[in-house]
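The following questions and answers accompany a protein structure. Please keep the sequence and the model in view while reading.

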Amino acid sequence: MSTTKGPVSQFIEKNYLHFNAAALMDAAKGYETHLLEGGKMMVTLAGAMSTAELGISLAEMIRQGKIDIISCTGANLEEDIMNLVAHSHYKRVPNYRDLSPQDEWDLLENHYNRVTDTCIPEEEAFRRLQKHIHKIWKDADNAGERYFPHEFMYKMLLSGDLEQYYEIDPKNSWMLAAAEMNLPIVVPGWEDSTMGNIFASYVIKNEIKATTMKSGIEYMTWLADWYPKNSGGKGVGFFQIGGGIAGDFPICVVPMLYQDMEMQDIPFWSYFCQISDSTTSYGSYSGAVPNEKITWGKLDVATPKFIVESDATIVVPLIFAWLLDQ
């Protein structure tokens with residue numbers, strides 16, 4: 001039994017001995033070993049992990065330097081900030097499985113957008129952010145400046161303009177922790193988000209130029225510069241929460257550099273873990289076992305590989321608790 005660990009870690013080490021529980025424990029210890037040996041770690045966020053309030057543990061992981069870079073969907077980027085400024089206005093619907101189409105319509109009429117059992121309030125969350133981020137977009141547009149989606153969010157957070165609305169302890173906002181440390185983030189497919197849709201509406205109305213927002217291709221070229229500079233020694237690990245574009249986009253930087261840029265000395269990702277309840281299936285990235293990534297030039301034969309086929313909202317806070325000695 002690890003003597004430096006807190007009660008949560010001691011509990012999982014004692015009880016999580018087989019099947020997905022053992023895979024969780026193995027993945028946590030593998031992550032820990034990777035960091036102790038000097039490795040860096042990318043964490044990817046799919047789904048609605050911010051609305052699941054992963055920030056409670058993720059923010060502390062960022063502050064303690066146990067995450068070096070994040071790849072996330074546009075939804076996760078914005079929804080952590082929405083939770084920061086509108087938490088008391090969220091509506092929980094524990095009986096969401098029983099809702100009729102009319103029940104769902106009633107939620108819409110009351111300006112609630114449902115994510116499983118949690119409804120995000122349109123006015124206090126979406127529109128509150130829109131008012132502030134629009135000014136930052138517009139100022140950049142007028143000045144002929146261009147930034148990435150997360151850089152605009154960082155500007156908004158660091159300006160202090162949102163502090164008047166804070167409704168949770170700010171230490172539980174992973175985006176605030178990331179902004180304060182200027183943590184590198186890539187946001188593939190950012191256009192597929194509420195703020196992305198709102199930005200597009202301003203472009204359509206000729207209020208803002210599309211080029212004011214840096215693109216996904218520019219994220220990839222930025223990552224192609226970051227990876228070789230950070231993959232020396234033990235290398236960069238890949239901790240994937242869910243599947244989809246948040247994981248598939250950044251993991252491809254390695255084969256792109258090796259195969260398309262013909263950089264023969266590019267190291268593979270040096271640790272891999274995926275937490276997903278996607279079943280192994282035909283043609284699915286999320287449902288592919290880690291070994292398939294060997295054939296795509298992403299992982300090496302010897303790369304430590306872990307997959308925990310379970311609910312990330314349950315599994316990830318436990319793994320983070322282990323890494324934080326809780």
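**Sheets, salt bridges and helix packing**

Q: How many salt bridges does the count come to?
A: The structure is a predicted model. A pair counts as a salt bridge when a side-chain nitrogen of Lys or Arg is within 4 Å of a carboxyl oxygen of Asp or Glu. By this rule the count comes to 13 salt bridges.

Q: Which parts of the chain does the salt bridge of lysine 234 and glutamate 37 tie together, and how many residues apart in sequence are they?
A: The side chains of lysine 234 and glutamate 37 meet at 2.7 Å, N to O. Lysine 234 lies in the loop between α10 (216-230) and β7 (236-241), and glutamate 37 in the loop between α2 (19-36) and β1 (40-45). The pair therefore ties together parts of the chain whose separation in sequence is 197 residues.

Q: Is lysine 234 buried, partly exposed or exposed?
A: A residue is buried under 20% relative accessible area, exposed over 50%, and partly exposed in between. Glutamate 37, at 47% relative accessibility, counts as partly exposed. Lysine 234 has a relative accessibility of 32%, so this residue is also partly exposed.

Q: Is glutamate 122 buried or exposed?
A: Glutamate 122 forms a salt bridge with arginine 127, with the closest N and O atoms 3.2 Å apart. Arginine 127 has a relative accessible area of 34% and is partly exposed. For glutamate 122 the value is 18%, and because buried means under 20%, glutamate 122 is buried.

Q: In which helix do lysine 229 and aspartate 225 lie?
A: The closest N and O atoms of lysine 229 and aspartate 225 are 2.9 Å apart, and the two residues form a salt bridge. Lysine 229 is exposed, with a relative accessible area of 62%, while aspartate 225 is partly exposed at 40%. They are 4 residues apart, about one turn of the helix, and the helix that holds both is α10.

Q: What is the order of the strands in the open sheet of 3 strands?
A: The edge strands are β3 (91-92) and β4 (112-115), each of which pairs on one side only. β4 pairs with β5 (residues 118-121) in the antiparallel sense over 4 bridges, and valine 115 stands opposite threonine 118 in β5. The order of the strands is β3-β5-β4.

Q: Which helix packs on the sheet, touching β3, β4 and β5?
A: The sheet is antiparallel in its pairing. The direction of the helix makes about 130 degrees with that of β4. The helix comprises residues 101-109 and is α5.

Q: Which residue in β8 is the bridge partner of glutamine 240?
A: β7 is joined to β1 by 6 bridges, and these strands run parallel; there, lysine 40 has valine 236 in β7 as its bridge partner. β7 also pairs with β8 (residues 272-275) in the parallel sense, over 4 bridges. In β8, the bridge partner of glutamine 240 is glutamine 274.

Q: How many of the 6 residues of β7 are buried?
A: In a regular strand the side chains alternate between the two faces of the sheet. From β7, Val236, Phe238 and Gln240 point one way, and Gly237, Phe239 and Ile241 point the other way. Residues pointing either way are buried, and the number buried in β7 is 6 of 6.

Q: At what angle do helix α3 and helix α14 pack?
A: Ser57, Leu58 and Met61 in α3 (residues 55-63) meet Pro317, Phe320 and Leu323 in α14 (residues 312-323). By class, the contact has 5 nonpolar, 1 polar and no charged residues. The crossing is left-handed. The axes are 9 Å apart, and the angle is about 35 degrees.

Q: What separates the C-alpha atoms of proline 149 and tryptophan 190, which are 41 residues apart along the chain?
A: Proline 149 is in helix α7 (residues 149-158) and is buried, with a relative accessible area of 3%. Leaving aside neighbours within four places in sequence, its contacts are Leu77, Trp190, Met213, Lys214 and Tyr219. The C-alpha atoms of proline 149 and tryptophan 190 are separated by 7.3 Å.

Definitions and conventions. Residues are numbered from 1 along each chain as its sequence is written. This is a predicted model: local features need pLDDT of at least 70, side-chain atom pairs count only at pLDDT 80 or more; totals for chains, interfaces and linings use all residues. Side-chain values use heavy atoms; hydrogens and water are left out. Two strands pair if DSSP finds at least two bridges between them. Helices (H or I, at least four residues) and strands (E, at least two) are DSSP runs, numbered from the N terminus. Contact means heavy atoms within 4.5 Å. Axes are lines fitted to C-alpha atoms, for helices over the stretch in contact, and angles run from 0 to 180 degrees between N-to-C directions. Buried means under 20% relative accessible area, exposed over 50%, partly exposed in between (1.4 Å probe, protein chains only). A crossing is left-handed if the near helix is turned anticlockwise from the far one by less than a right angle, and right-handed if clockwise. Ala, Val, Leu, Ile, Met, Phe, Trp, Tyr, Cys and Pro count as nonpolar, Asp, Glu, Lys and Arg as charged, and the others, Gly among them, as polar.
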